[in-house]
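Which aromatic rings pair up in this chain, and how are they arranged? Here is a short briefing.

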Amino acid sequence: MVKTQIVLAQEAAPNPVLPHVSEIILGLVAFLILFWLLKKYAVPRFEKMYEERTAAIEGGIAKAEKAQAEAEEALVKYQAQLKDAYSEAAKIRDDARLEAERIKEELRAEAQDEAARIIAQGHAALQAQKAQIVTELRNELGRNSIELASRIVGEHLEDEVRRRGTVDRFLAELGSSAGNGARK
């Protein structure tokens, strides 16, 4: 009997691997309640959060692509503006070079005109001095001629009209004799 009691005690002892049926049912009910609560409240929130995060990521990607497209467009515009600026600078430089050449030519022409004017004034002044010297020499020669003529002729030539006539006659004779001497 003792053996039977031990065997019965062993048979009545719970199996450590297999839980009691009441624990299995209680665990299954608790699991189903937890599953229902998660499905009802937690999963929709997680799904909503995932959708928001997906939308944010996709929106960020779209914004990044849009920003990249705008940056590329701005780069193309910048390069076009830079090319235009280089063209404009080259045009301004060429215009400035042409303007400098034109100004240089104008200044050269003005300098040549001024030089020609100065030379003409010099010639005119030289001609005026020559005429003045010739007049002074004629007057001096006339005075000397009258003195010599007075000494030679012995008559005093004080009368102005007579003196001028005598001087003019003397100069005419002198000019004709100089002309004949030059012809011979």
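The points below cover the model, the fold, the surface and the aromatic pairs.

This is a predicted model: local features need pLDDT of at least 70, side-chain atom pairs count only at pLDDT 80 or more, and totals for chains, interfaces and linings use all residues. Residues are numbered from 1 along each chain as its sequence is written, and side-chain values use heavy atoms, without hydrogens or water.

**Fold**
- The chain has three helices and zero strands. Helices (H or I, at least four residues) and strands (E, at least two) are DSSP runs, numbered from the N terminus.
- Along the sequence the pattern reads α-α-α.

**Surface**
- Of the chain's 184 residues, 5% count as buried. Buried means under 20% relative accessible area, exposed over 50%, and partly exposed in between (1.4 Å probe, protein chains only).

**Aromatic pairs**
- The whole structure holds two aromatic pairs. Rings of Phe, Tyr and Trp (its six-membered ring) pair if their centres lie within 6.5 Å; planes under 30 degrees apart count as stacked, over 60 as edge-to-face and the rest as tilted.
- F31 and F35 are stacked, at 6.3 Å centre to centre and 25 degrees between the planes. They sit four residues apart in helix α2 (residues 21-153), so about one helical turn separates them. F35 is partly exposed at 47% relative accessibility.
- F46 and Y50 are stacked too, at 6.4 Å and 25 degrees. They are also four residues apart in helix α2, so about one helical turn separates them. F46 is partly exposed at 43%, and Y50 is partly exposed at 47%.
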